[in-house]
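This briefing goes through selected features of the structure shown below, grouped by topic. Please read it alongside the sequence and the coordinates.

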Amino acid sequence: SMAAAFVASAALRRGRQSYTRPLDEENNSPHVCWTILFGAAGISFLVSGAYYLYSSQHDNRAEVVNVYNDKVLAWETRDRNVLLQSSFSYRFLSPIASFKNNSDYCYNLTTDGSWVGNNCADCNISLPDDPLCSARDCSYIPPTTNTRCDPVPPSVSYRPQPITDAMRQGLSDEPAWTPMRPQSDVNDTLDPDQITQDLSSYTPLRYLASQAFPERAPGQWTNDGFEGPQFYLQVRAAYQGLVNYFNLEPVSLFTEEVTTTVKKQCHSGAWRNGACYRRIALNRICVQVNMTYQGWQLVTNSRGTNAGCILKMAGKVLEPDSEKTYKYYCPPAMGPDGFPEMQPKFPPAINSKGNAICDFRSVNFSIRSSADPVIQARFITKTTLNFGATTDENFKQGLAFLLVGCVVLMPLCIAFGVKNVSDYRARRSRRMDDFLSRPSPPLAPSSYTGSFSGPRSDSRLPASRSSARSSGSQGSSASSGARPPAQYPAPDYFDDDFVIHFAPSPSAAAAEAAARRAGEGAQEPPGWRDASGTFVRDLPT
């Protein structure tokens with residue numbers, strides 16, 4: 001995909017023809033774009049295959065799984081029992097809910113008149129004195145009007161109140177505490193796209209507060225954002241006489257987040273003060289606690305805030321995120337059984353204009369132990385909840401990548417192989433054409449012998465030279481019985497597979513040696529004279 005993106009972007013910059021033409025002008029090589037695409041894809045597959053084959057020699061998954069299984073064993077034998085023997089409760093320090101009873105809603109309920117009796121279906125209800133219906137023993141019931149009153153739920157208003165030190169330390173019994181219930185049917189699942197046979201199973205446990213927040217958010221939206229009270233939650237944790245109080249961060253049911261500072265990109269928010277603000281709603285609060293020798297304590301992150309159950313990267317360190325989770329859509333509505341309904345595929349989004357109507361009774365407010373296996377799994381797997389592939393999976397995947405890489409590179413290799421063969425034949429043809437187009441060299445003397453070497457020694461010579469060679473052989477054989485020296489071309493005619501070697505015959509070498517000893521021809525360089533007496537210099541060996 002990266003190679004395809006590179007080819008596409010390069011073609012757009014330089015034009016289509018620059019990346020679709022062949023590598024040479026004879027159209028024998030593949031196009032540049034296909035070379036880059038298939039080459040990059042094939043090499044990527046080969047490198048990936050080699051990496052997976054190398055990974056199959058080291059079982060990194062077993063080391064990670066062993067650490068996780070040890071955490072699960074500690075949870076099942078100790079940590080879960082400690083959490084189960086504990087009790088948690090919560091209360092809102094501020095605001096205080098005030099209830100006002102409302103009067104019943106009363107309205108008039110009117111019923112129409114009707115005829116009652118046998119065979120009275122066709123009687124006209126608008127004619128109470130219909131003689132035909134009266135003859136059928138039908139009786140007429142006149143219309144009635146009754147007043148009906150339905151009760152109206154009391155109005156709830158939230159009034160902020162000052163928070164004292166006694167309330168923060170848990171010394172005040174007001175407001176009242178609401179217990180949180182333990183829940184073990186938690187939908188904690190690891191990544192399903194992995195082998196789970198080597199992972200230990202466990203029984204989850206958390207504490208949940210149902211319908212902690214009001215149905216409607218008190219307050220209203222203004223041009224400067226949402227104006228409404230903040231909720232101050234306090235949690236009480238008790239274990240074997242050790243009681244601790246946790247003051248959570250203030251919670252706003254509605255808030256806003258900045259999505260962009262470019263006005264043209266502000267499509268789903270409100271633009272003001274040089275930024276685009278999108279409305280978000282509270283969806284979940286998850287508090288992470290840790291058991292110490294002093295009892296349960298809140299877990300904090302590097303920013304000093306309370307740690308939630310979701311992890312995120314803070315620089316290069318993986319740590320818990322905030323305890324509050326906001327979404328751009330409302331929390332799921334409450335069902336008739338008092339529990340949140342199933343999350344819809346497309347939850348209702350918060351309207352950027354006007355007051356959004358959300359049901360905050362279904363906000364998930366839970367407390368979990370830091371020893372919970374799913375939290376430990378997030379730390380171990382760096383939030384992926386996937387422990388990696390096994391050695392067999394890496395080996396099979398490596399072979400598959402290598403096979404795909406070879407298949408992808410095969411057309412490219414075939415194309416370049418055909419090109420090389422074609423270029424080699426073209427070079428051979430050009431050399432032969434040059435060889436045949438050159439003028440004939442002087443023939444060697446009869447006192448010189450030569451030899452041909454190469455797979456096509458006879459076929460590489462011109463027709464005239466080949467015939468001269470054959471005629472010279474026949475003539476000398478007929479006269480002396482030995483093979484006479486043939487008429488060979490000059491020694492500078494050769495190529496890669498065809499070489500002509502020249503050397504003086506033994507008789508000529510002896511004559512030259514004798515002439516040098518007698519002082520004859522000392523002024524002449526080595527050579528020979530033809531029939532006309534013209535001196536011809538000896539050919540180099």
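Arginine 61 is buried, with a relative accessible area of 3%, where buried means under 20% relative accessible area, exposed over 50% and partly exposed in between, computed with a 1.4 Å probe on protein chains only. The model is predicted, so that local features need pLDDT of at least 70 and side-chain atom pairs count only at pLDDT 80 or more, while totals for chains, interfaces and linings use all residues. Residues are numbered from 1 along each chain as its sequence is written, and side-chain values use heavy atoms, with hydrogens and water left out.

**Arginine 61 and helix 3**

- Arginine 61 lies in helix 3, which covers residues 60-84; helices (H or I, at least four residues) and strands (E, at least two) are DSSP runs numbered from the N terminus.
- Leaving aside neighbours within four places in sequence, arginine 61 is in contact (heavy atoms within 4.5 Å) with Gln194, Ile195, Asp198, Leu199, Phe387, Gly388, Ala389 and Thr390.
- Helix 3 has 25 residues and spans 34 Å from its first C-alpha to its last, close to the 36 Å expected at 1.5 Å a residue, the expected span being 1.5 Å times one less than the number of residues.
- At tryptophan 75, helix 3 bends by about 55°, the bend being the angle between axes fitted to the seven residues ending there and the seven starting there.
- The buried residues of helix 3 include Arg61, Val65, Tyr68, Asn69, Val72 and Trp75.

**Helix 7 and its surface**

- Helix 7 (residues 391-437) contains isoleucine 414, which counts as exposed at 52% relative accessibility.
- With 47 residues, helix 7 reaches 67 Å from its first C-alpha to its last, close to the 69 Å expected at 1.5 Å a residue.
- Helix 7 bends by about 35° at leucine 409, and proline 411 follows within four residues.
- Among the buried residues of helix 7 are Gly405, Val408, Leu409 and Leu412, together with Lys419 and Asp423.

**Proline 154 in its loop**

- Proline 154 sits in the loop between strand 6 (144-150) and strand 7 (155-159), and it is partly exposed, with a relative accessible area of 40%.
- Not counting residues up to four places away in sequence, proline 154 touches Lys100, Asn101 and Asn102.
- Although proline 154 and asparagine 102 are 52 residues apart in sequence, they are 5.4 Å apart in space, C-alpha to C-alpha.
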